[in-house]
Every structure is written in C-alpha cells, then in structure tokens.
Amino acid sequence: MTEQDTQPDRAGPSPQPVPLIPSQRRAGTGARPVSPALLLAILSIASFLAQLDVWVTNVGLPAIGHGTHAGSLADLSWVLNGYAIVYAALLVPAGRLVDRFGRKGGFLLGLIVFAVASIGAGLSGDIWVLVGFRVLQAAGAALLTPASLGLVLLTAPPAKVGTYVKIWFTTGALSAASGPVLGGLLVEASWRWLFLVNIPVAVAALALGARYLPSSRDADDHLPDLRGGGLFIVAIGALALGLVKAPDWGWSSARVIVAFVLAAVALTWFLARSARHPAPVIALSLFRDRVFTTANLVAFVAFVAFGIELLSTILWLQGHWHYSVIRTGLASTAGPVMFAVGSAVAETLQARTRLRAGRIAVAGALLAAVGTIMLILLVTDDPRFVAAFLPTWVVLGLGYGLAVPTAITRATVGLPPKDSATGSAIVTMVTQLGSVIGISVLVAILGRASGAASEAVFQHAWYVAAGALVVAAVASFGLDSQPTAAARPDLPPVGAGAADAGDPQAPARV
C-alpha cells in the first residue's frame, strides 16, 4: 500500500490497514461497467476469508491435532502462529507490490494463492505439511487484503467512501462472530472442511473479479524490503519456537538457547535494515512519537492476553467440560459479539461525550482484567456455562472491545497522509505479534499436558493474561498525552476525533 492510504479496523478483533485517500492512482478502463455495490461485495470477500480462517481454526484446533497426528500442542500451535507471523511480516511488502504492479492482479493472485493453499491444507495428512500450506495461505491473504482495500476506495462512489469502507470492515467482523459456530459445524463433518470451505467462495470471487474489477496501480512507489520481511519471519518464528519447545527441550537446552539467540540476531538485523531502507516493513521514525508508541504497546499487550484466553478457553471447554466442537463454537460466540458491542460503545462515547480516549481504553483493559479474574474464580471442572463461562466471556469481550479499537484509533487517526499506511500496518503487525506471543506463552505454561492440564495450570496462564491486561490499562493513560509535534503535526487535540479537528481530509470513522 502507499504511505498515505490506511487506517485500522475499529470493529473487529484483527485490525487491518485501510486506505483513506486515493492518490496518484491510475485506473484502467477495460473493466466492464458494473454496480459499485457488486464490486464491494466481491472485494469484501477478502476481509471475510482472511479473518474467517483464524476463528474457525482456533475452534477446530483439537480436531486438527487428532486428524494430523500432531505430537503435541507445541507442534499444533504452528497452525495458528505460522499464519499470523507470515501475514504480519508480508502485509506491508505485499501492499507495496500490489500498489506498484497492480491492485487487480494482486487481488486475483492473492485469491489464487489462498485457494490453492486451502486445498493443500484440507488434504494434508501431516501437521508440518498443513503448517506449510497455512504459511502459503498467509502469503495469499497478505496480497489480497491491501489490494482489495485499495480497490474499494477506487470503485466506491465519492459520497459513499466511508460507508463502503465500514461495510468492508463489518464483513470481516461478521466472520469473527460467525467463525466459532461455522467452525463447529464444519468440524462435525471433518476438520478438513475448515479449509476446503474457502474454495467455492474464492472461485466465485475470482470469476467475478476477473470480469468486473478495474485495474489500478501507483507508478512511483518504492520496491518493498522483502529481505526485511524475511528477517522478521525468522526473528518471530525463532522466538515462538523457543517458547513452545522449551517444556520439551528444557529451558537451558542448547536448542532453546540457539532459538532465542537467532531471534535476537534476526531482530537486530531487521531493525537495522528498517532504519535505512526507503520502503521498510516498519518505519522506525513513527516510534519517536509517544502516542503512537504507547498505543502499539497497549495493542501488543492486550493481544498477548487475548491469544492466551481464546485458545485456553477452547482447550478447556473441549478438554475439561468435554464439549463437542459445535457446542464449543456456540459457547465462544459471545466473545466476538461483545467485542463488536464494546467497539460501538467506545466510538459513541468519544463522539458524544468529552471522555478521553485513554480513559476509555483504561476502563476497557481493567474490565477485561476483571473478566479474567472471573475466569479464574468461576470456571472450574464443574461445567457451569450460564453461571460461570457466559458472564465471564461477556465481560471479557466487552472489555477488549472498549480497549483495543480505542488504542488503535488513537495511534493512527491523526497520522499525516504520508505515514498513515505504514502506521496502521505496523499496528496490524503488532497485534498479530501479540497473538503469536500469547499462544506461545500458553503452550509453554500448559506443557505436554495440553488441554488435559490441571485447573491450577490453566489458572497460571489466566493470571499471566490478567497481568498483561493490567499493564495495558496502566499504559493506556499515555494515550491522552500530547503527541510529539515533530512526528505528529496533524494529530487532533487529546480526546478529539479527526472530525472534531476541522481537518478537511480527515478519514471517515469506521
């Protein structure tokens, strides 16, 4: 994506970069005339597919383990982490590539890669073959996501750009809300349908996209730092490997130490490249601003907690309460639904009151911490869904919905146009990284026992999540500090939205 085109999702649990202001775009005239609404429907498939595979895979993870004969939760965790790491690392480079060489081509190529990888994943009989195809899926998602968003802006009627972007995001949020139930239904037939279900949707989008989407590209964009993206994958992958394998290999074993050293070296090299490359994966200059840095810290720590709690509760429901996959999916639906409610409440509070964004994020993080304590105190081996699990997950979802979108918005809403794409993509990357670390920490705590670990062991993981949320709450006070003027000259005053700042180019709130 170009460096002037994005803002993150404020309605769903996996924020993604959003183009704001089309600039220097060359649209082809070869596309057939078609309703913009149909084009929006085609492009929204990208948002739905990219997020759906996260939610349905979480719910179906135990079934995948049985189907692929995964030796441990440590191995199985790479089905989730492999996707998240590669998606995060390639999002910015892939966005720059599709901006330079063509958004329509990038969208179609991304769909093809995603569909082919889904076929491979669905037919896999080995855990590592499956992980390989999940990595390929992530590469396809990294291509089609920024391409589809760029095309949404290009094809939307000028008076409806904000509405079209909101619909695009709402589609992604619906995948989060429907994912647990859909995942449960699919696994009832076979875990392979978690991936094969993508095929008819992707084929339909390919056929319609090839026929109707216009061509567009930016002629002057820099080539992305693909080597830097590779170093990022190595760094985060080695860190996750060390964490998830430490219980098996031993924390002081040579292999774990080598993994951590490799992570440190690769990360250092990656940061050094990012500091001097004209199109880096991470623009380090943005971190000179304390608001942007604080918001990324809040998002990272919150998603560490979220990664722990989402997977641990699924393992608990199936391992301790012996819920079926479909029942687990239904039980988990309250979380994403309440996340959407919390996000809407946060937006309303900022729009209609003088309540500062930081205070809303503090309240949300503390509420999520309370929900985590409820999880520790109420959820026991006695399967009490209505009295214990449901109220806990409602509080958790509402807290995350108040805190996370608020922090992300504070990080990006006032970025200068030239930095908005890079800034919002960094936040997306940080949330994915937080989820990877959270899952890895959970695997390290549960150890070989996995979902059969004792109640006390699960509680240890939930205490870690509660501590992370307290850190997020404390850090959220920094969201109301004044921005660094040199880095953020266009940021509106503390507590004000972009629309309140009188900025004629302020992005539509979505």
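Which residues touch the most other members of the largest nonpolar core? In this one they are Ile64, Val79, Leu130, Leu194, Val379 and Tyr400, out of 101 residues. Before I go on, a word on what we're looking at. This is a predicted model, where local features need pLDDT of at least 70 and side-chain atom pairs count only at pLDDT 80 or more, while totals for chains, interfaces and linings use all residues. Residues are numbered from 1 along each chain as its sequence is written, and side-chain values use heavy atoms, leaving out hydrogens and water.

By nonpolar core I mean buried Ala, Val, Leu, Ile, Met, Phe, Trp, Tyr and Cys residues joined through side-chain atoms within 4.5 Å; buried is under 20% relative accessible area, with a 1.4 Å probe and protein chains only.

Helix H11, residues 290-319, gives the most to this core, with 17 residues. Helices here are DSSP runs of H or I, at least four residues, numbered from the N terminus. Apart from that core lies another, of 39 residues, Leu91 and Tyr164 among them.

Leu91 also marks a kink of about 45° in helix H3, residues 78-101, shortly before Pro93. That bend is the angle between axes fitted to the seven residues ending there and the seven starting there. H3 is mostly covered, with 20 of its 24 residues buried.

Back to H11: its axis and that of H15, residues 385-412, come within 9 Å and cross at roughly 155°. That makes the two roughly antiparallel, a label for angles over 145 degrees, taken from 0 to 180 between N-to-C directions of lines fitted to C-alpha atoms over the stretch in contact. Thanks, everyone!

Note on methods
Buried < 20%, exposed > 50% of the residue type's maximum accessible area, 1.4 Å probe, protein only. Parallel < 35°, antiparallel > 145°, perpendicular 65-115°, else oblique.
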